[in-house]
Amino acid sequence: MSKSDYLFTSESVSEGHPDKVCDRISDELVDSFLSVDPFSRVAIETLTTTNRVVMAGEVRGPGSINSDKMISIARDAVRDIGYEQEGFHWEKMIVDCFVHSQSSDIAMGVDADGNKDEGAGDQGLMFGYACKETPVLMPAPIFYAHAILKSLSKARHLGKEPALGPDSKSQITLRYENGIPVCAESVVVSTQHSDLLGQEEVREIVRPYVLQILPDGWMCEENNFYVNPTGRFVIGGPDGDSGLTGRKIIVDTYGGAAPHGGGAFSGKDPTKVDRSAAYATRYLAKNVVAAGLADKCTIQIAYAIGVSHPLSVYVDTHGTGQVEEGKLSNVLREVMDLTPRGIREHLGLSKPIYARTAAYGHFGRKSENDGGFSWEKTDLSEELASAF
């Protein structure tokens with residue numbers, strides 16, 4: 001029997017967090033290759049530390065995206081985030097590029113050849129999830145944790161809060177009653193700031209942004225509202241802590257409210273099922289809930305390297321389903337081709353749409369006219385409903 005009354009916590013980090021700086025650079029590089037050749041193969045990792053960026057990985061794509069171009073792209077990304085600090089400055093930082101050509105062995109397993117369809121780029125399992133807790137069918141804790149930091153980031157970029165820095169984190173604990181979120185039990189926000197500000201001044205800058213995001217009456221008690229609990233956060237970003245691509249996979253997905261297969265997204269082109277199949281499972285789970293077939297839905301699919309079709313499709317509606325899960329699993333295979341090629345073509349993933357996913361979550365976002373966040377559409381909901 002599942003719990004009905006409980007506390008649940010999720011966290012988010014801003015685009016200036018060291019790990020997210022790496023995700024942004026890696027995804028900008030993916031976009032740069034796809035913008036020239038939509039069939040490029042990209043797998044790039046980034047590391048950051050004090051005034052240094054290191055990029056490594058393998059690619060197969062246009063020669064015009066060379067080392068000098070990639071270094072320039074990294075600098076532009078860091079500048080756009082807002083780092084012009086002594087310990088991390090877009091213009092002064094050292095950038096090393098160790099990106100090389102894709103392994104021929106990997107290419108052989110992935111590429112279509114004769115009667116062989118495009119295979120999965122690696123083995124692995126991917127999960128998708130949706131629930132009715134928010135209008136975008138995301139778990140409420142991660143939804144509000146993201147929204148608070150996005151609001152602070154927007155104010156910083158617009159010049160409304162010049163004393164705040166790019167690096168920040170949030171953490172929201174919500175109280176659930178009868179399985180429904182009803183209020184915030186605690187709110188934690190840590191944000192980089194000018195050394196001219198004290199802790200209480202930062203607290204009062206942050207407060208209205210939290211209040212405007214949380215629903216009316218949801219704000220926690222004052223002694224559970226923590227802003228920069230260490231007291232000072234002047235040194236931040238890669239100068240304060242090193243960063244790596246793919247180290248915030250729970251922030252990127254469902255905040256711990258659903259399982260995760262372990263694969264990161266950023267830096268990978270859409271032939272990599274770590275990314276594309278995770279988008280497909282979110283798309284299917286969201287459409288199941290939007291169709292009224294369940295209040296919650298978790299979907300898992302698994303692949304073997306070089307094999308086109310998934311090894312398994314698992315559906316769990318957590319006791320909220322209106323239809324039999326085994327039949328639902330079969331219907332999902334019918335309404336969407338879950339081969340790597342099928343996913344990429346159905347969702348239009350071979351486009352430069354990934355840098356925008358690097359911060360504030362890959363899910364619960366609004367689908368965009370140029371194909372961004374296509375996996376958030378609910379255009380399958382009527383077909384799914386009619387199937388039952």
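Is Tyr-144 buried or exposed? Tyr-144 has a relative accessible area of 10%, so it is buried, a word used here for residues under 20% relative accessible area, with exposed meaning over 50% and partly exposed anything in between (1.4 Å probe, protein chains only). The structure is a predicted model, in which local features need pLDDT of at least 70 and side-chain atom pairs count only at pLDDT 80 or more, while totals for chains, interfaces and linings use all residues. Residues are numbered from 1 along each chain as its sequence is written, and side-chain values use heavy atoms, with hydrogens and water left out.

We can start with helix α5, which covers residues 199-213. Helices (H or I, at least four residues) and strands (E, at least two) are DSSP runs, numbered from the N terminus. The expected span of a helix is 1.5 Å times one less than its number of residues. Val-206 belongs to the buried residues of α5, which are Val-202, Arg-203, Ile-205, Val-206, Arg-207, Tyr-209 and Val-210. These buried residues pack against helix α4 (140-157) and the strands β8 (164-177), β9 (180-193) and β10 (225-227), where contact means heavy atoms within 4.5 Å.

Two loop residues deserve a look for their backbone angles. Most residues other than glycine have a negative phi. Leu-137, in the loop between β7 (124-131) and α4, has a positive phi near 60°. At 11% relative accessibility, Leu-137 counts as buried. Asn-228 likewise is not a glycine, yet has a positive phi of about 45°. Asn-228 sits in the loop between β10 and α6 (237-240) and is buried, with a relative accessible area of 1%.

Turning to charged side chains, the whole structure holds 21 salt bridges, each being a side-chain nitrogen of Lys or Arg within 4 Å of a carboxyl oxygen of Asp or Glu. One of them joins Lys-20 and Asp-23, at 2.8 Å from N to O. Both residues lie in helix α1 (residues 18-36), three residues apart, about one turn of the helix. Lys-20 is buried, at a relative accessible area of 1%, and Asp-23 counts as buried at 0%.

Glu-376 takes part in two of the bridges described here. With Arg-282, the N to O distance is 2.9 Å. This pair links distant parts of the chain, with Glu-376 in the loop between α10 (340-347) and α11 (381-386) and Arg-282 in helix α8 (residues 273-290), 94 residues apart. Both Glu-376 and Arg-282 are buried. Glu-376 also forms a salt bridge with Lys-286, whose closest N and O atoms are 2.9 Å apart. Lys-286 is in helix α8 as well, 90 residues from Glu-376, and is buried, as is Glu-376. Elsewhere, salt bridges that share partners join Arg-203, Glu-204, Arg-207 and Glu-222 into one network; among these, Arg-203 and Arg-207 are buried residues of α5.

Aromatic rings come next, with 11 pairs in the structure. Rings of Phe, Tyr and Trp (its six-membered ring) pair if their centres lie within 6.5 Å; planes under 30 degrees apart count as stacked, over 60 as edge-to-face and the rest as tilted. The rings of Phe-143 and Tyr-144 have centres 5.0 Å apart and planes at 80°, so this pair is edge-to-face. Phe-143 is partly exposed, at a relative accessible area of 26%, whereas Tyr-144 is buried. The rings of Tyr-254 and Phe-363 have centres 5.1 Å apart and planes at 15°, so they are stacked. This pair links distant parts of the chain: Tyr-254 is in the loop between α7 (249-252) and α8, and Phe-363 in the loop between α10 and α11, 109 residues apart. Tyr-254 is buried, with 1% relative accessible area, and so is Phe-363, with 2%. Both rings belong to a cluster in which ring pairs link Tyr-129, Tyr-254, Phe-265, Tyr-279, Phe-363, Phe-373 and Trp-375.

Finally, Arg-79 lies over the face of Trp-90, at 4.4 Å from the ring centre. A charge sits over a ring if NZ of Lys or CZ of Arg is within 6 Å of the ring centre and within 35 degrees of the ring normal.
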